[in-house]
Every structure is written in C-alpha cells, then in structure tokens.
Amino acid sequence: MRSPRPYTPQAGPGAQSLTERRKAATQLDIARAACELFAEHGPDGTTAEDIAHRAGVALRTFYRYFRNKQEAVAPLLAGGGDAWRALLAEEEPGTPLAEALDRAVTRSLSDLQSVEEGLEVTRGLLRAAATDEALRGVWYRVNQDSEERLVPVIARLAGPDADPLDIRLLAAAATDSIRIALELWSATDAPTSGPGSPAELALRCLHALTGTTPLLR
C-alpha cells in the first residue's frame with residue numbers, strides 16, 4: 001500500500017533535469033515508505049532498513065539521501081510549504097498582500113482531496129513527533145527552510161520600496177501561522193475543513209500575528 005501524496009510539489013523557476021526528477025522521485029518513495037511505517041509501528045519501531053525495504057531501494061541508497069530515519073519524511077513535510085509558496089507566487093505584484101496571503105493559505109490547506117489526504121498524513125507525523133525529538137527537529141527545520149524561501153516571494157509582491165525587516169517579519173509570521181495551525185489541529189480529531197480545520201486555524205493565527213504589520217495596511 002502506498003501512502004497518498006501529502007501535497008503536489010510545485011515546479012521551480014527552472015525545469016529539472018531527468019537526473020534531478022529521478023532523485024526527487026526516489027526521495028518521495030522513501031519518504032512515503034517512512035510515513036507508512038511510522039504510522040504502523042511508530043518511529044521507535046521502525047529502522048532505516050525497514051524503510052529502505054518498503055521503498056524498494058538499497059540501504060546505501062537510503063543513506064545517500066538521508067542521514068537518519070526521521071529525516072526521511074522531510075520531502076513530504078516540505079511539500080506543503082512548496083505548494084503554498086507557489087500559490088502565493090501566482091499573485092500579481094500590487095495585489096493587496098493581506099488578500100494574497102489569505103487566498104494562498106486557504107487554497108493550500110483546503111482545496112482538493114489530495115490536500116485533505118495529505119493533511120491526515122501530516123497529522124500522523126506530527127502526532128509521532130510529539131514523542132520523538134529528532135522528528136520534531138525535522139519539522140522545525142522544514143519550516144525554517146520554508147520561511148527563508150518565502151522571503152523573495154513576499155519581496156516581489158511587496159515591491160522594491162518595502163522595508164526588508166517588514167518582509168522578513170511577514171515571512172516569519174505567515175510560516176508560523178501555518179505551523180501553529182497544523183500543530184494544534186494534529187492534536188485533535190477535527191476535520192480537514194470547517195471550524196477547527198487547518199485553514200481556519202491558520203487564518204486566525206495569520207490575522208492575529210500580522211494585525212499591525214505595515215505591509216498589510
């Protein structure tokens with residue numbers, strides 16, 4: 001059984017080579033295998049050998065891409081950030097940033113069945129992370145990476161006159177809004193849409209954290 005894709009990775013500014021696409025596909029296969037095994041046996045009951053076997057790759061291939069079993073889930077967790085940054089990047093410069101952020105957050109967390117399935121996968125991983133320090137570390141690193149990659153997206157939408165400090169603060173607030181929302185939601189049995197859903201919680205967090213942000217005035 002293959003776990004669903006949590007999110008569809010978005011294409012970057014340049015086309016990937018065939019080698020890069022194969023590498024990314026292998027990483028995702030390993031990540032899905034790790035996710036399945038963590039859900040079935042927990043991180044403590046899963047080894048790197050188990051993950052490699054489930055993914056159909058050699059153990060040396062596993063270690064070519066990941067240092068340990070917890071890091072193997074990073075491509076799945078990172079997919080959400082990739083998706084929502086891509087949605088925000090679709091907005092035209094000059095679009096009110098508050099509207100653009102609300103749209104991107106809502107669409108990335110609630111639009112399609114594949115997103116809903118991915119949210120359930122993420123919920124399982126975050127629940128496992130509650131008792132696994134290394135897995136929490138992967139989650140925090142993925143969010144830090146996403147925040148850094150969000151900065152140029154916001155800078156483009158904000159325009160050349162925007163204060164770099166305001167751009168960095170907004171990137172941090174937006175990233176943390178989604179992170180906090182997913183962490184709170186994962187600790188409950190709330191549905192993927194409606195009250196208490198990731199999208200609803202993320203918007204609440206975003207509005208609370210950015211209420212005085214100059215770029216959104």
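R179 is buried, its relative accessible area being 17% (buried means under 20%, exposed over 50%, partly exposed in between, with a 1.4 Å probe and protein chains only). Before going on, note that this is a predicted model, where local features need pLDDT of at least 70, side-chain atom pairs count only at pLDDT 80 or more, and totals for chains, interfaces and linings use all residues. Residues are numbered from 1 along each chain as its sequence is written, and side-chain values use heavy atoms, leaving out hydrogens and water.

So who does R179 pair up with? Its side chain meets that of E183 in a salt bridge, 3.1 Å from N to O (a side-chain nitrogen of Lys or Arg within 4 Å of a carboxyl oxygen of Asp or Glu). E183 is partly exposed at 26% relative accessibility. Both residues sit in helix 8, four residues apart, so about one helical turn separates them (helices are DSSP runs of H or I, at least four residues, numbered from the N terminus).

Helix 8 (residues 164-186) also packs against helix 5 (residues 97-110), at an angle of about 30°. That makes the two helices roughly parallel, a label for angles under 35 degrees. At the contact, L97, L101, V105 and L109 of helix 5 meet L170, A174, I178 and L182 of helix 8, where contact means heavy atoms within 4.5 Å.

E91 comes from the loop between helix 4 (74-89) and helix 5. E91 counts as buried at 11%, while R103 is partly exposed at 36%.

Conventions: Axes fitted to C-alpha atoms, helices over the stretch in contact; angles between N-to-C directions. Parallel < 35°, antiparallel > 145°, perpendicular 65-115°, else oblique.
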